[in-house]
Amino acid sequence: MSIRAGAAAAPHAERNRGRTVAVIGAGSWGTTFAKVLADAGCDVTIWARRPEVAHEIQVARRNSQYLPGVNLPKTLSATDDLATALQGARLVFLAVPSQTLRQNLIDLEPFLDRRSVLVSLVKGVEKTTTMRMSEVIADTLDLEPDRIAVVSGPNIALEIAKEQPTGAVASCADLGVAQEVAMAANAPYFRTYVNTDVIGTELGGVLKNLIALAIGIVDGVGYGENTKAAIITRGLAEMTEFSVASGADPATLSGLAGLGDLIATCQSPLSRNNTAGRLIGQGYTQEETREQMQQVAEGITSVPPVLELARERGVGMPIVEQVQMVLTGKMQPKHLGPHLATEDEVPQAELSLGAPPIGRLKRLFDRMKGTRA
């Protein structure tokens, strides 16, 4: 269960005065989160891969490519030099594409303070290893769990950059570290809660992208609200069953990192995954979709590794399977809706969190046969 972080007695800026943090990645979400941290009173430096982006943020207080029309705080610094960005940073927030995270970690390791906590803002799965981002951090840098955190929730970047109120969840195996991260990110318009369920918090952010792709596809086809409501509801069931089979607390999937993020991503035209799905539903290829968007839709790259993990864990994910079929050209977008409810004609229960995984059932059955023999 999430716990509200921070006392409201002192102003945000006073609470975080002298707190030095870094944000790695200057796309829409990285720049937005750097703004949140600066507005919360932190001393923030954002690292941009391209020097011209760093220069625009530093001098013009804009990131016109990703956040058009948004003025950034004067207290926000920007650089294209990793050593400068990481100097003195206790909290290092990672906002790079999931498939480049490992290389980014290798690049920043020489400049990382040995006491720093790395906080993933990335909602994806590494294709080559099927690892979540916190697992990639641990695997690459050999960090203990109390130095790895994640932040997730209903976080449409442009809305937050315009200071429209929302919330998020900071999660770490060490509750004290989660509270430290949450305190750093508590701006007047951005409230951060905490929990210790890293798996559930992280998977909520990953899996909702896949359901948002499905929503976009049927929206592009022209289906209405009933179809989309069914996908969201059944999609949440798939997300929860997958997450619980992976070791998550089911309550997390009912919170901001699960249901909250799912609603925002599925209904917002600003959602990259919703937009990608809609273009695909309208008949655009994946390549044409990438050209149109000029941004990464993490859901597209996450579909294959998530399905691989689902099969390993004995979890059925028919909606995600159908999204994969559309992406690979094995199913027309207009056929996604009629196949929502189940993989066959047999009526099924809506949610079966209490049921043991298939592997456990088989072992139990085998033991029973042995006893009878």
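Trainee: By class, how many nonpolar, polar and charged residues does the lining of the largest cavity have?

Mentor: Quick housekeeping: this is a predicted model, where local features need pLDDT of at least 70 and side-chain atom pairs count only at pLDDT 80 or more, while totals for chains, interfaces and linings use all residues. Numbering starts from 1 along each chain as its sequence is written, and side-chain values use heavy atoms, leaving out hydrogens and water.

Now your lining: 4 residues are nonpolar, 4 polar and 2 charged (nonpolar is Ala, Val, Leu, Ile, Met, Phe, Trp, Tyr, Cys and Pro; charged is Asp, Glu, Lys and Arg; the others, Gly among them, are polar). Searching the whole structure turns up 1 cavity of 30 Å³ or more (grid points, 1 Å apart over the protein atoms alone, where a 1.4 Å probe fits but cannot get out; lining residues have an atom within 4 Å of a point). The volume of the largest cavity is about 50 Å³, counted as the space filled by probe spheres set on points joined across faces, edges and corners.

Who's around it? Ser-120, Leu-121, Val-122 and Lys-123 are in the lining, along with Val-150, Val-151 and Ser-152, then Thr-201, Glu-202 and Gly-205. Strand β7 (148–152) and helix α9 (198–221) each give at least two of the lining residues (DSSP runs numbered from the N terminus: helices are H or I, at least four residues; strands are E, at least two). Helix α9 also supplies at least two residues to the lining of the largest pocket, an open set with protein on both sides within 12 Å along at least five of seven lines. That pocket holds about 1,100 Å³.
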